[in-house]
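This briefing concerns the nonpolar cores and aromatic pairs of one protein model.

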Amino acid sequence: MSDDDYFAWRNHFLALLDRLPTPIAVCRADGEITVANPAMAAEWGVVPGQVRGRKLLDLFRPRVSAFAQLDRLTEALRLGRRSRYTIEVRWRVEASGAEREGELLVEPVGDPFLPYPVLLTVLRVRAEPRVHRPVAEVSEMEGRILALAASGATTAAVGKAVGLTVDGVNYHLTRLTRRWRVPNRTALVAKAYVLGVLVPGQWPPVPAAQRARGG
């Protein structure tokens with residue numbers, strides 16, 4: 001294969017990887033991540049470039065029962081075996097601090113004669129619990145304002161709905177923007193979903209506290 005063909009296939013592979021909804025990363029034998037698709041990076045609330053170069057086990061924490069599986073994988077790599085291994089892991093979303101769990105499927109790939117194979121890792125995320133618990137605290141008024149802002153309501157419309165003046169609504173939005181360190185209202189709404197303040201997959205938007213009360 002010529003260099004041009006190699007780079008063409010590599011670019012095609014990376015483009016395909018970016019479009020896959022399944023979290024996938026490619027690592028060196030020592031666990032250093034060389035490629036991570038957006039779905040994998042999103043599990044930590046970052047972009048792919050912020051994951052590259054980091055060690056897989058610095059990001060994922062194996063459960064206590066998984067260390068035996070990890071030892072088997074290490075021994076298999078040393079002996080040149082090419083089996084798939086499943087490791088139960090936990091990790092923390094860096095943007096929100098939320099804890100998540102799942103299974104990491106690790107499979108050595110590439111030329112079997114190479115002493116150090118590439119590791120293809122696929123993450124199976126364990127389903128979230130049905131009870132939605134926000135990871136950030138906001139007041140009832142702030143939750144209502146965020147939900148209305150997420151629905152596209154103007155500041156005046158938000159104020160009319162919650163019984164505040166335009167200045168009053170802007171006061172709450174400005175406080176939240178500073179507290180969460182975001183630049184604008186669009187980013188504020190996005191952060192509200194990341195932090196669990198607004199219920200995902202719900203339209204019109206609903207504050208998580210209201211859903212928890214059954215409202």
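The points below cover the basis of the model, its cores and its aromatic rings.

This is a predicted model, in which local features need pLDDT of at least 70, side-chain atom pairs count only at pLDDT 80 or more, and totals for chains, interfaces and linings use all residues. Residues are numbered from 1 along each chain as its sequence is written, and side-chain values use heavy atoms, leaving out hydrogens and water.

**Nonpolar cores**

- A nonpolar core is a set of buried Ala, Val, Leu, Ile, Met, Phe, Trp, Tyr and Cys residues joined through side-chain atoms within 4.5 Å, where buried means under 20% relative accessible area (1.4 Å probe, protein chains only).
- The largest nonpolar core has 20 residues, of which Ile145, Leu146, Trp180, Leu188, Ala192, Val197 and Leu198 touch the most other members.
- Helices H5 (140-150), H6 (155-162), H7 (166-180) and H8 (185-194) each give two or more residues to this core; helices are DSSP runs of H or I with at least four residues, and strands are runs of E with at least two.
- H5 contributes the most, with five residues.
- Apart from this core lies another of 19 residues, including Ala41, Trp44, Val51 and Ile87.

**Aromatic rings**

- The structure holds two aromatic pairs, meaning rings of Phe, Tyr or Trp (its six-membered ring) with centres within 6.5 Å.
- The centres of the Trp44 and Phe60 rings are 5.1 Å apart and their planes stand at 55 degrees, so the pair is tilted, the class between stacked (under 30 degrees) and edge-to-face (over 60).
- Phe60 and Trp91 have ring centres 5.3 Å apart and planes at 85 degrees, so this pair is edge-to-face.
- Trp44, Phe60 and Trp91 form one aromatic cluster.

Note on methods: Buried < 20%, exposed > 50% of the residue type's maximum accessible area, 1.4 Å probe, protein only.
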